[in-house]
Amino acid sequence: MSLIKNIFHTGEILKDLEKQELLRKCPVTARIRDNQDPGKSGSRFAMTGSGPLLNFASNDYLGLSTHPAIIRAIGEGLEKYGAGSGASPLVTGLSPVHEELMERLRAITGKEGVLLFSAGFSANQALMKAFMTLNAGLFLDRLSHASMQDMAFYAKRLSRFRHNDAAHLEKLLRKAPGPGVIATEGVFSMDGDQAPLKKLLSLREQYRTPLILDDAHGFGVLGRQGYGSPDFQETGFQNIDVYMGTFSKALGLSGAFAAGDRDFTDFMVNTSREYIYSTMAPAFLAQGALKALDIIEGSEGAELRSHLKALVSRFQNAMKSLLPERCPGSETAIQPIIIGDAGMLMRIARELKTAGILTGSIRPPTVPRGSARLRITLTAAHREEDADFLAEKLHQVIRKLQQEGLGGQAPAEQHPGAALSDREENL
Ligand SMILES: Cc1ncc(COP(=O)(O)O)c(C=O)c1O
């Protein structure tokens, strides 16, 4: 007899989710290498329970997860440094390779302090908690990632500003009773749109409120050198007080870093439980990240980014005529198609699967109710014909469902930024 099920009624919770088409399961998905060109296959194809599918549901934006030079570097690192790091960074986990990676990230960001984490999720939690420890008020974009939201709700004063709305943020900053920090994302993970960095930096200046930027979906893939949103939006890193980048998206690996003033990172080393009490990521991963940065900074990285950019434009052109109110479009690899109703979304996703296409099906609570969406990600491993095939199938599937009553009306929340959380906040 399951004690948990009986006492806490988890079974009923799951049944209820299933009824609402909100039950989630982790699909077992294997990468399929293209024998002709294994290094360039990235996450283009996925083997799933429904067979091999063209994969538009990964964050492997540059296709680096299968890059031979990175795989070789990791193999060499594994031979040289062993499998695990053996300890947390304050004990013996921090190796010379980690230090080399930190030095490289210091050079990229111009920040004196860099910390490495095993995941972007824990990096964000650690950062949010650090400011809670300092009794800072938190000004958080309403659509920020769960890793920031989770900790934020424990903040002494939480003010969530309307998505990307600098005017609303200013209103909140004006009436703030004490010091705080602004936190947002460079590229929003579920919408693909970008924070208005210049406006936020000017508010930072005016209200002397530090800015923390989670650039999980920008680092490596945006900007002339691939240095992320500060590179793409031409703000530089200088006035971004804390920059968080991940190795798990464009670098094709896993792990993350936070860069800031030395003073702040030293404070984290001494107080952050996520940093102190967690085993350092293996050295071979740091070796892989160094190689990924070589590629990103070189001509190959520039070519991959330019190919991806061309694919994004091509896909958007092909989608223009299809329910434009559902395809807000973005300049980044993340292309959401807002469906609204979760049941309808799952029908569309199933039809696409039958046509050989895998997309992300994003439902509440990841996005607000009424804004369930296909999250489509293009990557540099895709080819032009893949983007065309996707657009053609989307047209067919949505037209078919429209005829059956999907209707042309916009979803209840046309843009999820308009949605309010049902949790209390300090507005
Ligand atoms: C905006 C954002 N921040 C942080 C994370 C967490 O990063 P990681 O997957 O490395 O834990 C994600 C993950 O998808 C994300 O989308």
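User: Is the crossing of H3 and H13 left-handed or right-handed?
Analyst: The model is a predicted one. In it, the two helices concerned are H3, residues 68–81, and H13, residues 283–297. Where H3 passes H13, the crossing is right-handed.

User: Why does H3 count as roughly antiparallel to H13?
Analyst: The axes of H3 and H13 come within 8 Å of each other. Angles over 145 degrees count as roughly antiparallel. H3 is therefore roughly antiparallel to H13, with the axes crossing at roughly 150°.

User: How do the residues of the contact of H3 with H13 divide by class?
Analyst: On the H3 side the contact includes Ala69, Ile70, Ala73 and Glu76. Among the H13 residues they meet as a group are Phe284, Gln287, Lys291 and Ile295. The division for this contact is ten nonpolar, three polar and two charged.

User: What distance separates the centres of domain 1 and domain 2?
Analyst: Domain 1 is made of two segments, 23–56 and 302–403, while domain 2 covers 68–297. Taken over C-alpha atoms, the separation of their centres is 27 Å.

User: Which strand gives the largest share of the side of domain 1 that touches domain 2?
Analyst: The contact between the domains takes twelve residues from domain 1 and eleven from domain 2. By class, the domain 1 side has five nonpolar, five polar and two charged residues. The largest share of that side is three residues, and they come from strand E11, residues 334–340.

Note on methods. Residues are numbered from 1 along each chain as its sequence is written. This is a predicted model: local features need pLDDT of at least 70, side-chain atom pairs count only at pLDDT 80 or more; totals for chains, interfaces and linings use all residues. Axes are lines fitted to C-alpha atoms, for helices over the stretch in contact, and angles run from 0 to 180 degrees between N-to-C directions. Helices (H or I, at least four residues) and strands (E, at least two) are DSSP runs, numbered from the N terminus. Angles under 35 degrees count as roughly parallel, over 145 as roughly antiparallel, 65 to 115 as roughly perpendicular and the rest as oblique. A crossing is left-handed if the near helix is turned anticlockwise from the far one by less than a right angle, and right-handed if clockwise. Two residues are in contact if their C-beta atoms, placed from the backbone, lie within 7 Å. Ala, Val, Leu, Ile, Met, Phe, Trp, Tyr, Cys and Pro count as nonpolar, Asp, Glu, Lys and Arg as charged, and the others, Gly among them, as polar. Domain bounds come from an automatic or database domain assignment.
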